[in-house]
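Subject: A structure to look at, with notes

Dear colleague,

Please find the structure below, followed by my notes on what turned up in it.

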Amino acid sequence: MHVEPITCYRPRPERAAEFAAPPYDVFDRAGARAYVEAHPDSFLAVDRPETAFPADHDPYADDVYARAHDLLASRVSDGTLMRDGTRCFYLWRLRAGTHEQTGIVAAFSIDDYTNGVIRRHELTRGAKVADRARHIAATCCQTGPALLAYRDNPVLEALVEAAKAADPLYELTDGDGVRHTIWRVARPAAVESLRLMLEYVDRAYIADGHHRVAAAEQVCREARTAASERCSGAEAYNYFLGVLFPASQLGIGAYDRVVADVAGLTEEELVRSLEERGVAVGPRREAPVEPDARGRAGMYAFGAWRELAFEGPLPDDPAAALDASLLQERVLGPVLGVDDPRDDARLSFAPRTSGVAELERRAGTGGVAFTLHPTSVGEVMAVADAGLTMPPKSTWFAPKLLSGLFVRRVNHRESIIDGTRHAIEGNKE
């Protein structure tokens, strides 16, 4: 892979905890507004600038993106953000309970993304990509990192562990109790060692952040068109901001489904329809079903839980063999009439972090909820390697990266956040 160290704006250590924020896409509009009201100095105000406007204001209006630029500029001028002009790698460790993962913060090649060295497993939605692309264009910065995975490399991980012997740059705990520790790798020999070892990573996988990467690719494509022959390929817009983790360290939680109604079926009709489509249905039970193996699911309907098992041989297609796909093909589509899981308003999704009690509440007396076994990192890689995509909301990677700790400049213009103009040299912002 082509991976480079970065220069960036980052918060002063004493302000990092109040400034760093959850990623923009874990909130709906009301949730983002409530978070910003409770944390007015957080980066989410920059990431979701529509929160500064009335609730009926168009969130995609030009003045919304201009607001993101102005808020970012104010965080530079008031000293919250400082410019780190040394080309560095950073190491980011996340601890949640007994879980721990450490990744490398860097700039990753857009060309590696377009030619399949960096692989994807999700479809993206045009409106969401356009929103993030306009945000990058307005701020001239990439403000949220993508989470990437690679197959474990003991030599690379040994270099990472050695660099963690230094004093950390940041240590903070987020609202979910996750402990974030970040080290700055600036010594030229250490930077070059990491860069060279990253060249031996033959491929990486987008775990979380498909829309961020697609938006960076769109901005890059437009910048290359505008620059024409003046584009050398080394400009900052040719790379996107990401954090690369060993696959074995990543944690994936379950992503469950709730359908608002049972399509007019009685309990007996529902059970019979499922069995006719190769789904074994267990007896009614009061205790929730949280599957501990592939090929099984839980169903809450008519005030009781049942265990489901998908019978018969699995498809050879790694995407079609996923539990989320089997649920869609055997249950949601043919039995409950949810033919398009991306657009059907009757279907909603919930990470298991919300708890099964929340699923019961959302299903109520007239709906139905399904619990699924978490997708594995290996399944994600197999789908990506086959050039396929997963059903929507198949993975919930946790813990989540924070936004605002690294703000990476990718372009310059007359109105820029630090009030000065200077040429881009190589991958420097």
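Threonine 395 is buried, with a relative accessible area of 9%, where buried means under 20% relative accessible area, exposed over 50% and partly exposed in between, computed with a 1.4 Å probe on protein chains only. Please keep in mind that this is a predicted model, in which local features need pLDDT of at least 70 and side-chain atom pairs count only at pLDDT 80 or more, while totals for chains, interfaces and linings use all residues. Residues are numbered from 1 along each chain as its sequence is written, and side-chain values use heavy atoms, with hydrogens and water left out.

Threonine 395 lies in the loop between helix H13 (377-385) and strand S19 (396-397); helices (H or I, at least four residues) and strands (E, at least two) are DSSP runs, numbered from the N terminus. Leaving aside its neighbours within four places in sequence, threonine 395 is in contact (heavy atoms within 4.5 Å) with His121, Glu122, Ile252, Tyr255, Thr375, Val380 and Met390.

One of these contacts, tyrosine 255, also belongs to an aromatic pair. Rings of Phe, Tyr and Trp (its six-membered ring) pair if their centres lie within 6.5 Å, and planes under 30 degrees apart count as stacked, over 60 as edge-to-face and the rest as tilted. By this rule there are 7 aromatic pairs. Tyrosine 255 and tryptophan 396 form an edge-to-face pair, with 5.6 Å from centre to centre and 90 degrees between the planes. This pair links distant parts of the chain, since tyrosine 255 is in strand S13 (residues 255-259) and tryptophan 396 is in strand S19, 141 residues apart. Tyrosine 255 counts as buried at 10% relative accessibility, and tryptophan 396 counts as buried at 18%.

The charged end of lysine 400 sits over the ring of tryptophan 396, 4.2 Å from its centre, and the charged end of arginine 120 sits over the ring of tyrosine 113, 4.1 Å from its centre. The rule here is that NZ of Lys or CZ of Arg is within 6 Å of the ring centre and within 35 degrees of the ring normal.

On a 1 Å grid over the protein atoms alone, a cavity is a set of points where a 1.4 Å probe fits but cannot get out, and a pocket is an open set with protein on both sides within 12 Å along at least five of seven lines; lining residues have an atom within 4 Å of a point. The largest pocket is lined by 44 residues, of which Asp25, Arg125, Lys128, His211 and Lys393 lie nearest its centre. Helix H6 (126-139) is among the elements that give two or more residues to this lining, and H6 supplies the largest share, 5 residues.

The second largest pocket is lined by 27 residues, and nearest its centre lie Pro22, Asp174, Gly175, Asp176 and Lys400. Helix H1 (16-19) and strand S8 (170-173) each supply at least two residues of that lining.

Finally, helix H11 (residues 323-332) is mostly covered, with 9 of its 10 residues buried, among them Asp323, Leu326 and Arg330.

With best wishes
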